[in-house]
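Please look over the structure shown here, and then read the briefing that follows, which is grouped by topic.

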Amino acid sequence: MPLLAIHSWRISWTPLLVLGYLFYLLLGAMVFQLLEKQAETHFRDQFQLEKLNFLQNYTCLDRQALEKFVQVLMEAWEKGVNPEGNSTNPSNWDFSNSFFFAGTVVTTIGYGNLSPSTVAGQIFCVFYALFGVPLNLAFLNQLGKGLNAHLLTLERWVQKPGRAQVVQTLAVAIFLSTGTLLFLVFPPLVFSYVEGWSYGEGFYFTFITLSTIGFGDYVVGTNPNKHYIPVYRSLTAIWIVFGLAWLALVFNVGADLMEKFLQLKGHKSDSSLAEGGTTKLEDEPEQRRIHIPS
């Protein structure tokens, strides 16, 4: 019976993990709604006010003509054409930009600011992603194994006799710090300088890109008022690939630590229940013992 009791009272962390996951999503939804909804309403009202002012300043236009022009601007933006500037703007489909787009397809970032507009391009994109996404996963997996092998080598080196735990922790911290500097700290400085963003905007773009979220609100090399070097976006695509491998390794380490933490909690709970069951088994013979008077 105690064993049955132990199994019946054993804590399962899977439902708690599911509940925690759902709670995290609900929390995010509430916070984003609280932070963004009022700002959206403000920008929407401001945009409507700007349209009214435009119609008042240019009386030769009516509302219907203005709405049609706005629709043309929206369609141009959806096709990847920046409404700013003129026809002399660089092409979105030169080799450097096409290389950058190919990288966003196979890495599943998908900023959304540029997409194929021809039927042939859309069909090719489907088959290109069909084979490219698994190829990218295999490449990142192999790259991650290489990084993990260096971590294991480093761990074996620091675990030799005579090397304290402090040295091991310091070595792993150096490895993580180096990756953080190369992929999260220094790139925003470059993007801030080239794109004219603040450092916070550059860091936001860096993390949103490497985590493959890719909203598309910030994309490098799209400002028509700036002159970029031809390989700027190609170099950015290469940085993205290696940054993805590093950040994926960090996320995997974090997930492993969380699983080990949950397993440790479950093991402690099982141990405490087992000890309680053992105590009950030891107490039962004492209760059943018959006292024979002398």
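**Briefing on the predicted model**

Thr107 is buried, with a relative accessible area of 3%, where buried means under 20% relative accessible area, exposed over 50% and partly exposed in between, for a 1.4 Å probe and protein chains only. This is a predicted model, in which local features need pLDDT of at least 70 and side-chain atom pairs count only at pLDDT 80 or more, while totals for chains, interfaces and linings use all residues. Residues are numbered from 1 along each chain as its sequence is written, and side-chain values use heavy atoms, with hydrogens and water left out.

- Thr107 sits in the loop between α4 and α5 (119-158), helices being DSSP runs of H or I with at least four residues and strands runs of E with at least two, numbered from the N terminus.
- The side chain of Thr107 reaches the backbone oxygen of Gly103 at 2.5 Å.
- A search of the whole structure finds 1 cavity of 30 Å³ or more, a cavity being a set of points, on a 1 Å grid over the protein atoms alone, where a 1.4 Å probe fits but cannot get out.
- The largest cavity holds about 30 Å³ of space, the volume being the space filled by probe spheres set on grid points that are joined across faces, edges and corners.
- Phe100, Gly103, Thr104, Thr107, Ala237, Ile240 and Val241 line the largest cavity, lining residues having an atom within 4 Å of a point.
- The elements that give two or more residues to this lining are α4 (95-106) and α8 (232-288).
- By class, the lining has 4 nonpolar, 3 polar and no charged residues, where Ala, Val, Leu, Ile, Met, Phe, Trp, Tyr, Cys and Pro count as nonpolar, Asp, Glu, Lys and Arg as charged, and the others, Gly among them, as polar.

**Helix α7**

- Helix α7 (residues 199-210) has 12 residues and reaches 16 Å from its first C-alpha to its last, close to the 16 Å expected at 1.5 Å a residue, the expected span being 1.5 Å times one less than the number of residues.
- Buried residues in α7 include Gly202, Phe205 and Leu210.
- Thr212, which follows α7, has a positive phi near 60°.

**Annotated spans and Val250**

- An unreviewed UniProt entry annotates "transmembrane region" over residues including 202-220 and 232-255; such annotations may be inferred rather than shown by experiment.
- Residues 202-220 are 47% helix and 0% strand, with end C-alpha atoms 10 Å apart.
- Residues 232-255 are 100% helix and 0% strand, with end C-alpha atoms 34 Å apart.
- Val250, found in helix α8, counts as partly exposed because its relative accessibility is 28%.

Terms used:
1 Å grid on protein atoms, 1.4 Å probe; cavity = no way out; pocket = protein on both sides within 12 Å on 5 of 7 lines; lining within 4 Å. Polar contact = N/O pair within 3.5 Å; in protein donor to acceptor, adjacent residues only side chain to side chain.
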